[in-house]
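Okay, everyone, thanks for coming. Let me put the model up and we'll walk through its ring pairs, then one of the helices.

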Amino acid sequence: MARALRYKCIGYGVMVLFCYLLQTASSSPARTLGQVPELMLLMTLAVSFRESEVFAGWFGLICGFLSDLAAGGSVGLRAVFFMFLAYFLAVALQTLFRPLFLSYVGIALTASALISVAEYLFYILLHGQIDFVSALVHTMLPRLFLTGVWSYVIYYVVYRYNLSLQRKGVIY
């Protein structure tokens with residue numbers, strides 16, 4: 001059991017570090033249309049599709065904290081959101097529905113849209129009026145589009161990693 005947890009944590013740690021660097025680097029290949037996708041959210045959801053609810057919750061907390069640091073906003077908002085999202089998604093996958101790729105994309109796009117709207121509302125409350133159409137066209141929709149495009153890449157990497165651990169007999 002400890003061996004499996006060690007392999008999973010090391011592998012997921014490398015993936016999170018890579019995604020964090022892609023999300024925060026100014027000359028990142030993931031940066032298109034002036035925006036970067038929500039890679040930490042995608043990692044959180046992909047791991048939630050493969051792991052238990054407790055592991056997913058802790059992983060969501062860590063990824064959310066890193067996402068808060070990358071966004072430069074208030075630390076804690078995304079961390080709590082990612083933690084609860086990962087926990088409840090892992091529970092729902094065990095009880096309500098099957099872990100299909102289209103479910104993953106739908107959940108990822110919905111969560112990304114919720115984050116964008118929440119950031120917009122907090123920005124209005126803290127900094128004053130900003131045009132919604134301008135924010136939608138220049139920030140929200142490009143980020144949502146990029147998150148959808150990168151969702152396949154992140155899901156596939158996590159899926160293949162778990163499959164390789166199963167083939168080696170590390171996890172069952």
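So, there are 14 aromatic pairs in here; rings of Phe, Tyr and Trp (its six-membered ring) pair if their centres lie within 6.5 Å, and planes under 30 degrees apart are stacked, over 60 edge-to-face, the rest tilted. Take Tyr12 and Phe55: centres 5.9 Å apart, planes at 50°, so that's a tilted pair. Tyr12 sits in helix H1 (residues 2–24) and Phe55 in helix H3 (residues 53–71), so the pair ties together parts 43 residues apart in sequence. Helices, by the way, are DSSP runs of H or I, at least four residues, numbered from the N terminus. Tyr12 and Phe55 are both buried, meaning under 20% relative accessible area with a 1.4 Å probe, protein chains only.

Quick caveat: this is a predicted model, where local features need pLDDT of at least 70, side-chain atom pairs count only at pLDDT 80 or more, and totals for chains, interfaces and linings use all residues. Residues are numbered from 1 along each chain as its sequence is written, and side-chain values use heavy atoms, with hydrogens and water left out.

Back to Phe55: Lys8 lies over its face, 5.2 Å from the ring centre (the rule is NZ of Lys within 6 Å of the centre and within 35 degrees of the ring normal).

Now, what links up with Phe49 through ring pairs? Phe101, Tyr104, Tyr152, Tyr155 and Tyr156, in one cluster. Phe49 and Tyr104 are both buried.

Last stop, helix H2 (residues 39–48): 10 of its 10 residues are buried, so it's largely enclosed by the rest of the structure. Among them are Leu39, Met43 and Ser48.

Methods
Buried means under 20% relative accessible area, exposed over 50%, partly exposed in between (1.4 Å probe, protein chains only). Helices (H or I, at least four residues) and strands (E, at least two) are DSSP runs, numbered from the N terminus.
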